[in-house]
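Colleague: I'd like to learn how to read a structure like this one, feature by feature. Could you take me through it?

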Amino acid sequence: MLRTFAGAAVALSLATLAFAGEMNDPNNRFRLSVPDGWTAEASPHALIALVVASPRKAQTGGNCNVVIAPNQLKGQTQEQIDQQLSGLVNAEFWKQALAGVKELKSTTIDDWGIREQRGRKVYYVKTTSEVAAVPGLFVTQLADLYPTPGQSFSVTCTVKKESYESEATYVPEDAWLRA
């Protein structure tokens with residue numbers, strides 16, 4: 001359920017469109033703040049609802065994916081979900097979740113935690129990993145997990161490690177998703 005943030009997602013076949021500001025999902029599942037010049041790209045997987053790319057993607061690899069996946073939390077209140085997961089989503093959870101991502105290796109967890117956003121808990125992690133298919137290429141990822149009754153949303157932003165500082169101003173660590 002919660003591993004899906006790392007690699008999956010609702011094929012949109014979007015033409016390249018430049019965004020700035022608020023973007024609403026056509027199915028009314030989420031809203032997203034998108035930096036100036038970022039563009040929507042076609043989704044590579046059924047669970048990925050949206051891919052947005054930095055205008056500097058060719059140099060930095062900067063992109064973010066929004067994943068929506070069903071979960072087993074249907075019928076619970078948001079408060080129950082927050083209480084249940086607060087003790088479970090920790091460094092060990094992130095290590096196990098990321099261990100299943102075959103495209104990455106040598107992943108280190110740089111930071112993780114929980115914050116409040118719009119009346120619910122958001123679980124986040126910042127990692128550095130080597131891309132398995134390209135030895136010597138390291139990426140930094142910021143991932144936010146938003147579990148809600150019946151479905152989990154996640155935003156994972158990826159950038160080449162050496163470009164993190166230049167893209168960090170465009171990919172805020174407090175995330176953009178409002179599910």
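Colleague: Let me start with a strand: which residue stands opposite Val155 in S8?

Modeller: Asp144 does. Before we go on, this is a predicted model, so local features need pLDDT of at least 70 and side-chain atom pairs count only at pLDDT 80 or more, while totals for chains, interfaces and linings use all residues. Residues are numbered from 1 along each chain as its sequence is written, and side-chain values use heavy atoms, with hydrogens and water left out.

Colleague: Which strands does S8 pair with?

Modeller: Two strands pair if DSSP finds at least two bridges between them. S8 has ten antiparallel bridges with strand S7, residues 138-148. With S4, S8 pairs over eight bridges, also antiparallel. To see one of these on screen, look at Ile68, whose bridge partner in S8 is Phe153.

Colleague: And what is at the turn of the hairpin of S7 and S8?

Modeller: Two residues sit between those strands, and Gly150 takes a positive phi near 95° in that hairpin.

Colleague: On to side chains: is S8 mostly covered or mostly open?

Modeller: First the general idea: in a regular strand the side chains alternate between the two faces of the sheet. As for accessibility, buried means under 20% relative accessible area, exposed over 50%, and partly exposed in between (1.4 Å probe, protein chains only). S8 is mostly covered, with eight of its ten residues buried.

Colleague: I can see two cysteines facing each other. How many disulfides are there?

Modeller: A disulfide is a covalent bond between the sulfur atoms of two cysteines; in a model we call it when the two sulfurs are within 2.5 Å. The search of the whole structure finds one. Cys64 and Cys157 are the partners, with 2.1 Å from S to S. Cys64 belongs to strand S4 (residues 63-70) and Cys157 to strand S8 (residues 151-160), so the pair ties together parts that are 93 residues apart in sequence.

Colleague: Why is this disulfide right-handed?

Modeller: Because the torsion about the S-S bond of Cys64 and Cys157 is about 110°. Cys64 counts as buried at 2% relative accessibility, and Cys157 is buried too, at 7%.

Colleague: How should I read a salt bridge, and how many are there?

Modeller: Look for a side-chain nitrogen of Lys or Arg within 4 Å of a carboxyl oxygen of Asp or Glu. By that rule the count comes to four. One of them brings back Asp144, whose side chain meets Arg115 at 2.6 Å, N to O. Asp144 lies in strand S7 and Arg115 in strand S5 (residues 104-117), so parts 29 residues apart in sequence are tied together. Both Asp144 and Arg115 are buried.

Colleague: Which other residues form salt bridges?

Modeller: Among them are Lys57 and Glu41, with their closest N and O atoms 3.0 Å apart. Lys57 is in helix H1 (residues 57-60) and Glu41 in strand S2 (residues 31-41), 16 residues apart. Lys57 is partly exposed at 32%, and Glu41 is partly exposed at 24%. Then there is Lys121 with Glu116, where the closest N and O atoms are 3.0 Å apart. Lys121 is partly exposed at 21%, whereas Glu116 is exposed at 52%.

Colleague: Last one: what kind of aromatic pair do Phe93 and Trp94 form?

Modeller: Rings of Phe, Tyr and Trp (its six-membered ring) pair if their centres lie within 6.5 Å; planes under 30 degrees apart are stacked, over 60 edge-to-face, and the rest tilted. Here the search finds one pair. Phe93 and Trp94 are edge-to-face, 5.0 Å centre to centre with 75° between the planes. Phe93 is buried at 17% relative accessibility, and Trp94 is buried at 0%.

Technical notes:
Helix = DSSP H or I, 4+ residues; strand = E, 2+ residues; numbered from the N terminus.
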